[in-house]
There are 2 protein chains.
Amino acid sequence: MTEKVGLIGPGLMGQPMGSNLLKAGYPLWVYSRTPERAQPLADEGATVCASPKEVAEKADIIITIVSDTPDVETVVLGDDGLIHGLSEGKVVVDMSTISASATRKIAATLAERGVEMLDAPVSGGDIGAKAGTLSIMVGGKDAVFERVKPLFEVMGKNIVHVGDIGAGQVAKTCNQMLVAQHVNAAAEALLLAKKCGADPRKVREALLGGFAASRVLEVHGMRMLDRDFEPGFKAKLHKKDMRIAMEIIDELNMDLPATKLATEGINRAVEEGLGEADTTSVIQIIEKKNDVSLA
Amino acid sequence: MTEKVGLIGPGLMGQPMGSNLLKAGYPLWVYSRTPERAQPLADEGATVCASPKEVAEKADIIITIVSDTPDVETVVLGDDGLIHGLSEGKVVVDMSTISASATRKIAATLAERGVEMLDAPVSGGDIGAKAGTLSIMVGGKDAVFERVKPLFEVMGKNIVHVGDIGAGQVAKTCNQMLVAQHVNAAAEALLLAKKCGADPRKVREALLGGFAASRVLEVHGMRMLDRDFEPGFKAKLHKKDMRIAMEIIDELNMDLPATKLATEGINRAVEEGLGEADTTSVIQIIEKKNDVSLA
């Protein structure tokens with residue numbers, strides 16, 4: 001039986017993910033707060049719905065991929081939200097990046113209606129979404145994971161069932177902490193090389209073969225060198241993710257200074273007007289402060 | 001013609017590098033300040049010399065791989081140093097990690113005798129040295145690089161001629177900056193996961209497929225999880241490398257706060273008695289502060 005799939009939030013990530021589901025033969029019902037965003041998927045055969053509720057009525061597995069915790073809450077629990085159209089046996093798969101504790105609360109509310117939920121945030125950016133090579137970090141029950149897995153396999157490559165509901169979001173928070181710090185590290189290193197008179201492109205190339213290698217140095221390092229700050233992944237969204245990380249850290253009474261420093265760097269970039277640019281643009285702040293540029 | 005090769009400093013790195021040169025058929029003359037360290041290579045067929053000077057008399061290409069700037073200065077320019085045995089046409093290849101400016105000065109002194117020099121620091125740890133898969137970052141003249149390249153190819157895999165003399169050391173400094181920050185990032189993220197009740201092994205696995213992937217998360221992350229703090233790469237040597245980085249940063253009047261923070265973390269680890277342990281052991285400092293452990 002081919003699952004009927006719903007998709008709420010066909011944005012930079014959701015649109016190519018939906019497109020890959022359609023190509024794999026899944027019938028798709030789609031809703032966007034901004035109707036024109038649903039059009040590309042409609043052109044590929046998806047049915048556009050007027051509300052999340054309508055998507056929930058039509059589809060069996062409903063994917064949400066929106067910006068922040070309140071957006072997921074609205075889309076799932078609000079007026080015209082999924083919950084008003086869901087019935088027993090249906091599954092909500094939230095692929096947004098939001099708070100783990102909010103995730104657990106939403107899942108508990110859905111469970112009262114016999115509706116299962118997975119949290120399944122992704123990493124890999126729009127490139128990974130288009131190529132169907134996203135990394136997907138999943139929290140939730142085994143049986144539900146197994147049911148949704150074929151859909152994940154259409155959208156991603158490295159699919160890991162991390163643990164119970166919320167664990168996917170915890171993994172994603174860790175992911176964003178690492179990316180933020182790796183971006184900073186790459187920026188500082190390449191700018192030091194430049195300032196020393198070495199060729200930062202050669203340095204990047206040399207470093208990719210050793211212990212300093214990272215996907216960020218590879219992909220985002222190239223962006224920095226090529227001055228390609230088109231998102232990708234917007235700084236303002238990374239700011240939001242780091243806010244979630246800092247909330248968890250405060251909640252747990254932890255002291256993680258490197259994460260804090262990276263958070264401050266991204267906040268600063270957004271304050272200075274780089275929120276709509278790729279998160280890699282934090283290098284511009286470091287460049288200004290040090291009177292040096294990779295450009 | 002098979003080059004006659006000299007090796008000064010058969011330690012954790014130099015020993016397996018020399019072993020690979022012997023296996024590839026290069027005759028090898030070796031010197032160690034601590035004579036028993038030369039024994040394993042002698043057992044494989046190397047000739048042990050009584051001084052760097054004697055190595056310089058016997059070999060054409062002399063590799064130095066010792067701990068710090070003063071060690072290289074002593075070995076090359078000191079009493080019984082290489083310089084007293086070198087003659088025109090011979091090449092010194094310093095594969096230690098030392099200051100770029102000291103490198104340029106030593107090269108200038110050697111040039112007065114018609115002796116060429118390359119700086120060719122490595123990354124990849126003892127694992128890479130044994131497997132012959134080191135990343136080698138080379139500074140120096142094209143013709144000299146081409147002459148030594150076959151030797152590099154025996155010891156390493158990713159061999160990049162970064163630029164003029166000193167450029168290899170600049171690249172290595174960047175490498176150590178990245179590794180220090182990546183170790184911190186991995187430690188903070190895995191500890192957050194643990195404290196949230198998620199399985200840090202699963203989180204690591206999930207993250208390796210996405211943008212957070214790094215060689216440090218892969219190799220050092222596993223060390224942290226397995227509590228394997230045998231070096232590898234000693235914290236006290238990483239401290240030395242970060243001191244070099246901070247000296248360059250101060251010299252250039254730069255402000256690179258993430259590098260500074262990572263340096264402080266390693267210094268702290270060495271202060272607390274972890275200098276002989278692998279640099280990954282900085283996680284123990286973060287664990288203590290946050291009352292959580294991956295153990």
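How much area is buried between chain A and chain B, and what share of it do carbon and sulfur atoms give? Hi everyone, let's find out together. First, a word on the model: it is predicted, so to speak of a local feature we need pLDDT of at least 70, side-chain atom pairs count only at pLDDT 80 or more, and totals for chains, interfaces and linings use all residues. Residues are numbered from 1 along each chain as its sequence is written, chains are lettered from A and ligands numbered from 1 in the order in which they are written, and side-chain values use heavy atoms, with hydrogens and water left out.

Now the interface. About 5,300 Å² is buried between chain A and chain B, and carbon and sulfur atoms give 72% of that. Buried area here is the accessible area (1.4 Å probe) that two parts lose on being put together, summed over both. On the chain A side, A:Glu188, A:Leu192 and A:Phe211 lose the most area to chain B, together 16% of what that side buries. The contact, meaning heavy atoms within 4.5 Å, takes 61 residues from chain A and 61 residues from chain B.

What about charges and polar atoms? Between the two chains there are 2 salt bridges, a salt bridge being a side-chain nitrogen of Lys or Arg within 4 Å of a carboxyl oxygen of Asp or Glu. In a salt bridge of this kind, A:Asp255 meets B:Lys289 at 3.6 Å, N to O.

Which helix gives the largest share of the side of chain A that touches chain B? It is α8(A), with 19 residues. Helices (H or I, at least four residues) and strands (E, at least two) are DSSP runs, numbered from the N terminus. By class, that side has 37 nonpolar, 17 polar and 7 charged residues. Here Ala, Val, Leu, Ile, Met, Phe, Trp, Tyr, Cys and Pro count as nonpolar, Asp, Glu, Lys and Arg as charged, and the others, Gly among them, as polar.

Next, a few spots within the chains. The peptide bond from A:Pro231 to A:Gly232 is cis, with omega near 10°, and A:Gly232 lies in the loop between α10 and α11 of chain A. In chain B, a cis peptide bond joins B:Pro231 and B:Gly232, with omega about 15°. A:Asn253, in the loop between α11 and α12 of chain A, has a positive phi of about 60° although it is not a glycine.

In one of them, the side chains of A:Arg147 and A:Glu3 meet at 2.9 Å, N to O. This pair links distant parts of the chain, 144 residues apart: A:Arg147 sits in helix α7 (residues 142–155) of chain A, and A:Glu3 in the segment before β1 (5–8).
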